[in-house]
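Me: I am new to this structure and would like a close look at a single part, the cavities and what surrounds them. Please take me through that part slowly and connect it to the sheet beside it.

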Amino acid sequence: MENIKLDINKSLGFISKDKLAAYEPKVRACMETLEKGTGLGNDFLGWLHLPSSITKEHLDDLKATAQVLRENCEVVVVAGIGGSYLGARAVIEAMSNSFLWLQEKKAGQPTIIFAGHNIGEDYLYELTSFLKDKKFGVINISKSGTTTETALAFRLLKKQCEDQRGKEMARKVIVAVTDAKKGAARVTADKEGYKSFIIPDNVGGRFSVLTPVGLLPIAVAGIDIDQLVEGARKMEEVCANQNMMENPAALYAATRNELYQNGKKIEILVNFQPKLHYFMEWWKQLYGESEGKDHKGIYPSSVDFSTDLHSMGQWIQEGERTIYETVISVETPNHELHVPSDEENLDGLNFLAGKRVDEVNKMAELGTQLAHVDGGVPNMRVSVPKLNEYYLGQLIYFFEKACGISGYLLEINPFNQPGVEAYKKNMFALLNKPGYEEETKAIQARLK
Ligand SMILES: O=P(O)(O)OC[C@H]1O[C@H](O)[C@H](O)[C@@H](O)[C@@H]1O
């Protein structure tokens with residue numbers, strides 16, 4: 001079977017080949033640091049050999065729990081934020097029919113809804129109203145078990161589920177994914193007797209999609225988690241290659257760092273398949289939280305093409321030249337659709353008649369690549385044979401491994417996120433959270 005492939009040719013006009021080649025020993029050293037666990041953040045390396053260490057028993061346990069939710073729920077609400085929801089959402093949206101939510105519901109195929117990733121009162125009001133006559137379940141996902149957004153949504157959902165379905169059924173259809181010992185989510189799960197899964201200590205949120213954080217909701221959505229893990233396993237093998245040119249993660253890490261050294265401060269991840277929108281969101285957290293430190297780091301951004309060519313295309317073509325693009329290109333769509341011919345040709349589209357829609361999309365992709373490279377935007381391309389679980393698994397591991405290497409190349413700790421606490425501290429102080437009395441006083445004084 002083929003693998004995903006990285007093509008950096010269209011970046012080489014912007015960086016020196018020799019300088020890129022000089023990354024080989026550095027990249028190898030970063031890979032060794034990861035393997036030996038001798039670098040910064042080395043207590044968060046559980047993701048590195050995660051795919052190859054997942055057992056069949058673990059997958060069976062996840063699938064059995066998913067089945068309980070599938071059999072007993074019309075709707076399953078996945079409560080989580082950041083790394084505790086983006087991976088699941090990325091895979092579920094990539095693998096689901098775009099119009100699933102409008103289709104007639106099938107028994108045993110619950111609708112998946114996400115919550116706990118915002119504090120929008122209208123969002124939560126509308127969600128709880130929608131759930132009023134629904135047989136729903138909840139997967140409460142939080143590594144720390146104390147994240148305000150998620151805890152707040154879960155408080156509402158738990159009560160509603162118990163009120164509507166009774167304590168006993170609620171116990172069956174509420175599942176927790178959290179730390180083994182710490183946090184309020186663990187305390188609640190143990191006290192209420194919920195089925196729970198553990199997020200390993202050494203896997204940070206943004207690297208946790210292949211733990212129950214991602215695997216459970218993905219399995220509930222009816223998506224093949226065996227294949228997802230299988231694809232990741234394959235990439236774990238491919239990305240262990242010491243030869244930089246044969247290791248896509250190493251090559252991607254080296255190329256983006258050399259682009260960065262040449263003033264390309266912003267990476268735009270591009271898709272030409274709207275189903276990949278949330279995959280980009282997952283990727284943004286992975287790279288943004290990992291690399292944005294010590295006043296360094298490429299800013300990860302994303303666009304959905306061709307949609308955003310009609311909104312952001314101008315900026316990308318002619319704006320400040322601090323950007324480069326990484327395109328995720330799906331080689332073959334899962335369905336076939338041809339452009340019909342029309343005798344009258346009123347719309348003038350007969351030049352496309354008989355072509356597959358994807359042929360038009362691919363020419364948009366090629367035309368965009370040529371235009372943007374001409375406009376001074378370096379381009380990398382990750383080609384994906386098909387949009388399926390196996391290749392999504394490959395993509396996930398490829399980007400994770402590259403992120404670890406890239407962070408070490410940048411000489412930061414890619415596995416912590418101290419900056420995220422700043423807003424939380426202020427919010428807790430403003431809300432008079434017990435334990436924040438001093439901060440409350442200080443912040444009130446600032447606001448006078
Ligand atoms: O899983 P949780 O502990 O609820 O955390 C959810 C998310 O929020 C935090 O603020 C972190 O910045 C993220 O890395 C994390 O993924």
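**The cavities and their sheet**

Reply: The largest share of the lining of the largest cavity, three residues, is supplied by H14, where helices (H or I, at least four residues) and strands (E, at least two) are DSSP runs numbered from the N terminus. A cavity here is a set of points, on a 1 Å grid over the protein atoms alone, where a 1.4 Å probe fits but cannot get out, and lining residues have an atom within 4 Å of a point. The model is predicted, and local features need pLDDT of at least 70 and side-chain atom pairs pLDDT 80 or more, while totals for chains, interfaces and linings use all residues. Residues are numbered from 1 along each chain as its sequence is written, and side-chain values use heavy atoms, with hydrogens and water left out.

By this rule there are two cavities of 30 Å³ or more, a volume being the space filled by probe spheres set on the points, with grid points joined across faces, edges and corners. The largest cavity holds about 60 Å³ of space, and its lining consists of Val 270, Phe 272, Phe 305, Glu 325, Val 327, Glu 365, Thr 368, Gln 369, Asn 379 and Arg 381. The elements that give two or more residues to this lining are S9, H14 and S10. By class, the residues lining the largest cavity are four nonpolar, three polar and three charged, where Ala, Val, Leu, Ile, Met, Phe, Trp, Tyr, Cys and Pro count as nonpolar, Asp, Glu, Lys and Arg as charged, and the others, Gly among them, as polar.

The second largest cavity has a volume of about 30 Å³ and is lined by Phe 272, Gln 273, Ser 329, Val 330, Asn 361, Lys 362 and Glu 365. Here H14 again gives the most, with three residues, and S9 and H14 each supply at least two residues of the lining. Two nonpolar, three polar and two charged residues make up the lining of this second largest cavity.

Five strands form an open sheet with mixed pairing, in the order S1-S10-S9-S7-S8, and two strands are said to pair if DSSP finds at least two bridges between them. Its edge strands, each pairing on one side only, are S1 (5-7) and S8 (299-304). Neighbouring strands of this sheet are turned by 20 degrees against each other on average, direction ignored, with axes taken as lines fitted to C-alpha atoms, for helices over the stretch in contact, and angles running from 0 to 180 degrees between N-to-C directions.

Within this sheet, S9 (residues 323-332) and S10 (residues 379-386) pair in the parallel sense over seven bridges. Another helix, H12 (residues 277-291), lies across S7 (266-271), S8 and S9, and runs at about 175 degrees to S8.

How values were computed
Contact means heavy atoms within 4.5 Å. On a 1 Å grid over the protein atoms alone, a cavity is a set of points where a 1.4 Å probe fits but cannot get out, and a pocket is an open set with protein on both sides within 12 Å along at least five of seven lines; lining residues have an atom within 4 Å of a point.
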